[in-house]
Amino acid sequence: MIKTITWKNNAVVLIDQNTLPQVECYVTCHRYREVIAAIKNLTVRGAPAIGVAAAMAAALGAAELARFPQARFRRNFYLVCDEISKARPTARNLFWALERMKKCLEEALRSGKPDPVGELVAEAKCICAEDIESNRRMGKYGSILLADGDKVLTHCNAGALATAGYGTALGVIRAAKAAGKKLHVYVDETRPVLQGARLTAWELKKERIAATLITDSMAGFLMQQRKIDKIIVGADRIAANGDTANKIGTYSLAVLADVHGIPFYVAAPLSTIDVSLKDGSTIPIEERPDTEITFWRKVQTAPAGMRVYNPAFDVTPARYISAIITEKGIIRKPYRQSISNLLKG
Ligand code: MRU
C-alpha cells in the first residue's frame, strides 16, 4: 500500500510527490512549519491529503506549545491553525480538518482531559484513518457506475497519493478492478505540474491497471473518436449547489463530455463539500507561480519575462456533473437538494 502520510515517532512522514516517479523517498516533518512548507511546495497535495496533513501539522504545533499554561496554549494553538489555513486556499478539506482539530481541543479542555496534545494527536490520526475508510466506501459505491470493458478518463491525481490512501476517483477505479471489471484508464498528463503523468500513471503502473497517458489537449479528440466511455475526477471544493472546483482543465473535460454524451463523475468525501458557498462563483482559486509554466524543473520553456496566468483550479458547473460519489452514497441532480439530504442523513 502507498503510504502518503503517516504519524510516526511524533513526526509527520510524507511521501515526496515532487520526486515521483523517478525517486520514491520520504520527508519527515518534526515541526508544524515544515508541514506548511510541504503543503505549499506540493510535497503533499490533493485535497484530502492536504486535510490530513493540516490536521497533523496542528497536532505538531500543539506539541510545540505544550510548555505553555492553558490559556496561552489555547490562544497560540488558534494562531498556529490560522497559519496552517494559509498554506493553500482552494481545498475545502484543509479548513474542515482545522475546524475539527479546534473542536477537539475545546472538547478536551472543557472535559478537563489531562493531555490535550495527546487528544489532538489522536484526532489527527483518526482523520487520517477515516479518510482511507471513506475512500474505500466511495470505491464500493462508485464501482457500480463502471462497467466491464469501460475506457475511463481521469485528470490530475485523485489517487492514494492525493488522500491518506486508496484514493477517490482512482479508488473507484481500484474498487471496480477488485470487483473483476477490466478497465482501461486514459490519464491526462495535467499541465502544468503533471500530476497525471507523474503520479496517476505511477500509481496505475504499480497496481498493474491498464492505462494510456495522453496530453490534456488530446482528450476532446479521444471523446470524438468514442475512445472514452466515462470520466471520473476528484474535487477540491464542492459548493452547496454541486458546482465543483478541481484541477485546471476539469471544466473543459466536463463540457466536452456533455457535448459527446459521456457520463462525467466526481468522487469526493463529504469533507470536500462547502455548504457555506451557495455556488462555485466564490470558491477561492489558487494562482501558482509563473515558473510552473515558464520552466519545466530547471529547463526554461518560455521566453524570459513572458506574462503568465496560472490558476491551479477551475470550477465545473453542477449541470455538467452526472453524479457525485461520496462515502455515503451516490448523489445526482438537483444537487442543492441531494447535498442537503446527504448532510442531514
Ligand atoms: O494542486 P493539487 O495537485 O493539490 O490538485 C489536486 C486536484 O485537483 C485533485 O484532483 C483534487 O484535490 C482531488 S484529490 C482526491
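How far from an oxygen atom of the ligand does a polar side-chain atom of lysine 247 lie? The legends below take up this point and others in a predicted model.

View 1. The distance asked about is 2.7 Å, which separates a polar side-chain atom of lysine 247 from an oxygen atom of the ligand. There are 18 residues around the ligand, and those that come nearest are Arg45, Ala47, Arg88, Asn246 and Lys247. In the case of arginine 45, a polar side-chain atom lies 2.8 Å from an oxygen atom of the ligand, while for glutamine 195 an N or O atom of the side chain is 2.9 Å from a ligand oxygen atom.

View 2. The protein is divided into domain 1, which covers residues 5-135, and domain 2, which covers residues 137-344. Taken over C-alpha atoms, the centres of domain 1 and domain 2 are 25 Å apart, and the contact takes 29 residues from domain 1 and 37 residues from domain 2. The size of an interface is often given as the accessible area lost when the parts come together. Between domain 1 and domain 2 the buried area is about 2,700 Å², with 49% of it given by carbon and sulfur atoms.

**View 3. Polar contacts and the domain 1 side of the interface.** Between domain 1 and domain 2 there are 24 residue pairs in polar contact. On the side of domain 1 that touches domain 2, the elements giving two or more residues are α2 (47-65), α4 (92-110) and α5 (116-142), and α5 gives the most, with 6 residues. The residues of this side divide into 15 nonpolar, 7 polar and 7 charged.

**View 4. Two cis peptide bonds.** Leucine 20 and proline 21 are joined by a cis peptide bond with an omega of about 5°, and proline 21 lies in the loop between β2 (11-15) and β3 (26-29). The peptide bond from lysine 333 to proline 334 is also cis, with omega near -5°, and proline 334 has its place in the loop between β16 (329-331) and α11 (335-344).

**View 5. The backbone at leucine 194.** Although leucine 194 is not a glycine, its phi is positive, at about 65°. Leucine 194 is found in the loop between β5 (184-188) and α7 (195-206).

Terms used. Residues numbered from 1 in each chain as written. Predicted model: local features only at pLDDT ≥ 70, side-chain atom pairs only at ≥ 80, totals over all residues. Heavy atoms only, no water. Domains from an automatic or database assignment. Contact = heavy atoms within 4.5 Å. Buried area = accessible area lost by both parts, 1.4 Å probe. Polar contact = N/O pair within 3.5 Å; in protein donor to acceptor, adjacent residues only side chain to side chain. Helix = DSSP H or I, 4+ residues; strand = E, 2+ residues; numbered from the N terminus. Nonpolar A, V, L, I, M, F, W, Y, C, P; charged D, E, K, R; others polar. Near = heavy atom within 4 Å.
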